[in-house]
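Could you walk me through this structure, one feature at a time? I'd like to hear the general idea before each case.

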Amino acid sequence: MDENDFKKASHTLVVSDIHLSETEKFDPARPLWKRYKLPEHLIDSVFREFLDGMSAKIVDTIELILNGDIFDFDSVMRIPERAPFHVSWLERLRGLASEEQKSRFKVRVILETHPVWIDSLRRFLLAGNRVVFIIGNHDLELHWGSVRQDIVDSLDLPAKVRDQIRFCDWFYISNQDTLIEHGNQYDSYCLCANPIFPLIKKGSRKIIRIPFGNLAGKYMTNGMGLMNPHATTSFIKSSAWEYFIFYYKYMIRIQPFLLWTWLWSAMVTLFESVTEGLLPSVRDPLTVDARMADIAKRSNAPLSVVLALKEVHVHPAIFNPIKILRELWLDRAILLVFIFTGSFQFFSVLKVFVNVSLAWFLFPLLLLFPLFFFYARSVHSEVDSAQRAAFQMAPLVGKIAHVKRIVQGHTHIEAHASVGELEVLNTGTWSPAYRDVECQQPFGRKCFAWIQPAGQPGSVGLRVAELYEWQASAGIKLIQRT
């Protein structure tokens with residue numbers, strides 16, 4: 001098989017959500033601070049064993065799909081010592097913005113941090129295999145052509161071998177039977193509002209539009225180092241009581257002013273999300289046709305499929321500020337302010353006419369607090385709804401792309417199921433995700449999809465897919481379909 005013919009594939013491996021980023025130095029004064037970013041939690045050697053192991057099993061050319069969130073630009077906190085660009089106070093606290101020069105700096109930091117991962121990919125390509133990068137929500141900055149070139153250059157490949165690498169803007173059709181997409185386009189918090197034209201102009205600067213969910217991770221989670229951004233259970237609790245226990249057990253010693261960090265970070269997230277989200281996409285009318293044709297070619301799809309798949313994406317959350325307020329808990333903060341302000345106003349006015357005690361300030365508080373708790377308990381996070389939305393849209397998406405299966409990532413929850421006549425797989429996560437601060441309870445398994453020839457009489461050209469877990473000591477383990 002011609003390794004440069006991306007339209008045909010016999011063996012396809014799909015991996016997503018590796019979240020390569022920089023590492024954190026161990027701080028004896030704060031041993032649990034961003035512990036998941038310590039070098040000991042890098043997956044580079046496991047990824048190398050995975051590529052070597054699967055290459056030994058498969059004698060034919062392998063098509064490796066790196067299905068989004070392979071690089072985590074949002075969590076890179078390093079700032080250049082002598083920056084050739086302006087760095088704002090907010091960037092110094094929470095990481096660089098998504099301008100081209102800054103994105104290039106961040107990807108170089110990531111690549112320098114993961115030499116084993118890069119070398120593994122290089123050897124895999126030199127063996128005659130090919131690699132397809134699909135952009136997710138944490139690596140939206142791959143839309144910069146120069147950033148893609150930096151990745152290719154880091155692999156140090158001969159010119160001919162470089163043609164075995166492809167970047168796709170949000171989806172890829174493998175062998176005309178499988179649609180592979182990250183899946184964030186069905187998540188109103190994390191979708192790229194316009195994957196065809198992802199740039200916006202903010203003042204005189206052109207930047208990649210970053211969605212609300214990623215801005216929340218950038219401005220909030222980056223400043224709350226005891227919360228693991230790769231496991232939602234780490235930062236989304238089911239009740240205020242669980243937040244209180246977490247604060248008392250961990251935060252009070254390391255980050256006693258967590259409420260202040262949360263408040264200003266949440267307000268910055270809200271402001272940046274809405275102001276950037278409402279800006280129009282940058283597009284050049286003279287290059288629209290060429291841009292569309294390029295996306296279609298690299299995705300192995302007709303132009304009509306590209307346009308149709310864009311239309312089935314969900315509506316961005318930034319057009320519903322109330323929804324964002326609830327997700328950031330700012331609605332409850334505002335309600336508390338109203339309750340305390342209203343109670344104080346009641347007490348102040350009453351005291352003008354009657355000499356009353358402080359109990360008359362507490363009395364309306366006692367009346368209103370049950371209403372506050374009732375409201376707070378009725379509000380639930382919708383972050384985990386992305387999996388359901390993706391499954392609901394799957395039949396329509398399958399018909400548009402004319403495929404019999406869809407492979408996704410994004411949710412960090414592995415799955416293999418049937419939705420009507422369509423087969424849907426989710427490859428989970430390879431990221432350093434842990435349920436606990438001490439990083440002793442791993443979240444998720446290192447899963448991958450393997451699509452291969454059916455190998456049965458009369459099944460020429462047909463392929464079957466299975467979901468496996470890569471276990472470094474035992475090889476691969478089949479994940480049963482649900």
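This is a predicted model: local features need pLDDT of at least 70, side-chain atom pairs count only at pLDDT 80 or more; totals for chains, interfaces and linings use all residues.

Q: How should I read "buried", "partly exposed" and "exposed"?
A: Buried means under 20% relative accessible area, exposed means over 50%, and partly exposed is in between (1.4 Å probe, protein chains only). Take Leu-368: its relative accessible area is 32%, so it is partly exposed.

Q: Which residues form a nonpolar patch on the surface?
A: First, the idea: patches are made of residues with over 30% relative accessible area and no salt bridge, with like charges joined within 9 Å and nonpolar side chains (Val, Leu, Ile, Met, Phe, Trp, Tyr) joined within 5 Å. Here, Phe-346, Trp-360, Phe-363, Leu-367, Leu-368 and Leu-371 make up such a patch, with about 590 Å² of accessible area together. That kind of area comes from the Shrake-Rupley method with a 1.4 Å probe, and for residues only the protein chains shown count as cover.

Q: Which helix gives the largest share of the nonpolar patch?
A: Helices (H or I, at least four residues) and strands (E, at least two) are DSSP runs, numbered from the N terminus. Helix 15, residues 359-378, gives the patch its largest share, five residues. Leu-368 sits in helix 15.

Q: How many salt bridges are there in the whole structure?
A: Look for a side-chain nitrogen of Lys or Arg within 4 Å of a carboxyl oxygen of Asp or Glu: that's a salt bridge. A search of the whole structure turns up 26 salt bridges. One of them joins the side chains of Arg-30 and Asp-27, at 3.7 Å from N to O. Arg-30 is partly exposed at 30% relative accessible area, and Asp-27 is partly exposed too, at 29%.

Q: Are Lys-102 and Glu-99 buried or exposed?
A: Both of them are buried. Their side chains meet in a salt bridge, 2.9 Å from N to O.

Q: Which parts does the salt bridge between Glu-423 and Arg-481 tie together?
A: The closest N and O atoms of that pair are 3.1 Å apart. Glu-423 lies in strand 11 (residues 422-426) and Arg-481 in the segment after strand 14 (475-479), so the pair ties together parts that are 58 residues apart in sequence. Glu-423 counts as buried at 10% relative accessibility, while Arg-481 is partly exposed at 43%.

Q: Which residues are linked in a network of salt bridges?
A: Arg-148, Asp-169, Arg-291, Asp-294 and Arg-298 are.

Q: What should I know about phi?
A: Most residues other than glycine have a negative phi. In this structure, Asn-175 has a positive phi, near 55°. Asn-175 is in the loop between strand 5 (171-174) and strand 6 (178-181), and it counts as buried at 17% relative accessibility. Trp-329 also has a positive phi, about 70°. You'll find Trp-329 in the loop between helix 13 (321-327) and helix 14 (330-353).

Q: What's a pocket, and what's a cavity?
A: On a 1 Å grid over the protein atoms alone, a cavity is a set of points where a 1.4 Å probe fits but cannot get out, and a pocket is an open set with protein on both sides within 12 Å along at least five of seven lines; lining residues have an atom within 4 Å of a point. Grid points are joined across faces, edges and corners, and a volume is the space filled by probe spheres set on the points.

Q: How much space lies in the second largest pocket?
A: About 300 Å³. It is lined by 23 residues, and Glu-91, Ala-97, Arg-205, Tyr-219 and Glu-276 are the closest to its centre. Helix 7 supplies the largest share of this lining, three residues.

Q: How many cavities are there of 30 Å³ or more?
A: There are five. The largest cavity has a volume of about 170 Å³, and its 18 lining residues include His-19, Ser-21, Glu-22, Tyr-36 and Pro-432, which lie nearest its centre.

Methods. Residues are numbered from 1 along each chain as its sequence is written. Side-chain values use heavy atoms; hydrogens and water are left out.
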